[in-house]
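Visitor: I would like to learn how to read strands, helices and surfaces in a model such as this one. Could you take me through some features in turn?

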Amino acid sequence: MEKPKTTDGVAEEKWKPNKTGEGVDTYPVDGKEVEITWKEFTPTGEKQSDETIIFLTGWSAGGAKTLERLSGRFGENANCISMQVRTRTEGTEYDLMAEARGVREMILRRGLKKVIFAGHSEGGTKAVDLISVLQNENPDIAIRGLILMDPAGMYEQTSGELVTAFVKDAMVQTPRSIAQNIFNNPSLVIKGLQASSDIIFSVLREAGRSGTDYLAKLKAQIQGIGEKNNHYADVRCPIVLMQGADDPVSSHERLIPGADQKSLFERRELLKETFFPNSPRVDWVIPKKLGHHGLPHFRADQVGRVSVELINRYWQEAETATSAKE
């Protein structure tokens with residue numbers, strides 16, 4: 001079967017992710033019960049890689065239908081199984097490491113040996129915690145890459161700064177951008193409404209499940225998301241960092257001012273020096289079109305294609321270099 005085109009065209013819109021399974025599993029971790037809600041996608045091509053892409057979604061957007069397209073695109077472009085994963089624990093304590101360990105248990109239970117991790121927003125900092133655990137405790141599991149999309153935890157933010165940035169992005173900048181692009185891409189309105197309704201439903205569902213603990217839990221989550229994660233420096237696999245040019249929640253300007261004016265090579269070297277000293281290569285992409293915190297919801301096809309291509313390019317170049325030495 002011929003794979004669908006990955007350009008901005010009609011054929012791309014007709015493509016649908018091939019969801020082949022979903023469920024909810026619970027794993028005991030350090031006295032806590034970590035709930036993992038997962039969706040599995042299988043590529044349409046006949047040949048499949050033995051890798052698995054695990055996509056850790058952000059806070060409140062874990063079950064969004066708009067992210068299913070990105071989840072499927074990851075696997076379609078890498079020609080492998082891909083999984084969309086959302087984690088949850090009971091109580092008011094915010095423990096990303098426990099949730100990361102819950103995903104580790106899922107990986108071990110499934111017998112996965114080659115993994116690429118992807119994470120959006122809170123899912124990015126959670127993926128980094130997970131990689132830190134696997135590198136130290138399960139070195140037999142090959143971590144082939146990390147795709148970070150507007151990740152949290154790369155710099156410190158107060159709760160007030162984080163909430164203000166979210167409101168500015170979701171209520172002002174993103175609607176304005178959708179309105180400006182609506183004639184070129186009418187489906188943006190549908191995507192925007194779908195993403196918004198899914199996020200609102202997710203928040204209401206969590207509030208219902210948590211009951212009187214919800215406000216305390218929400219406060220702890222906001223504080224935790226704003227904390228800087230020092231495990232970014234530990235990552236030893238190739239990394240693709242995508243940050244929307246107009247995203248105030250995960251701002252490229254707060255990482256390295258003026259980065260969008262530098263070449264890809266310059267960005268790569270700056271990130272290695274300051275944030276990812278142990279990664280063999282870091283590619284930093286700063287999309288301008290719809291470059292908001294919800295970038296994965298609106299440009300799933302492009303995000304899925306570019307990120308996977310950059311990870312594959314690293315390994316192809318590494319294999320070529322190894323062959324040349326031999």
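This is a predicted model: local features need pLDDT of at least 70, side-chain atom pairs count only at pLDDT 80 or more; totals for chains, interfaces and linings use all residues.

Visitor: Which strands pair with β5, and in what sense?

Guide: Strand β5, residues 114–120, pairs in the parallel sense with strand β3 (residues 52–56) over 5 bridges, and it also pairs in the parallel sense with strand β6 (residues 142–149) over 7 bridges.

Visitor: What do β5, helix α4 and β6 make together?

Guide: With helix α4, which spans residues 122–137, the strands β5 and β6 make a right-handed β-α-β unit.

Visitor: How many residues of β5 are buried?

Guide: Strand β5 is mostly covered, as 6 of its 7 residues are buried.

Visitor: Is Lys-191 buried or exposed?

Guide: Residues under 20% relative accessible area are called buried, and Lys-191, at 15%, is therefore buried. Lys-191 lies in helix α6, residues 187–210, and its C-alpha atom is separated by 37 Å from that of Pro-277, 86 residues apart along the chain.

Visitor: Where is Met-171 placed, and is Met-171 buried or exposed?

Guide: Met-171 is in helix α5, residues 159–181; because exposed means over 50%, its relative accessible area of 61% makes Met-171 exposed. Together with Val-163, Val-167 and Val-172, Met-171 forms a nonpolar patch on the surface, with about 350 Å² of accessible area for the four together.

Note on methods:
Residues are numbered from 1 along each chain as its sequence is written. Side-chain values use heavy atoms; hydrogens and water are left out. Patches are made of residues with over 30% relative accessible area and no salt bridge: like charges are joined within 9 Å, nonpolar side chains (Val, Leu, Ile, Met, Phe, Trp, Tyr) within 5 Å. Accessible areas come from the Shrake-Rupley method with a 1.4 Å probe; for residues, only the protein chains shown count as cover. A salt bridge is a side-chain nitrogen of Lys or Arg within 4 Å of a carboxyl oxygen of Asp or Glu. Helices (H or I, at least four residues) and strands (E, at least two) are DSSP runs, numbered from the N terminus. Buried means under 20% relative accessible area, exposed over 50%, partly exposed in between (1.4 Å probe, protein chains only). Two strands pair if DSSP finds at least two bridges between them. A crossover is right-handed if, with the strands pointing away from the viewer, the path from the first strand over the helix to the second runs clockwise.
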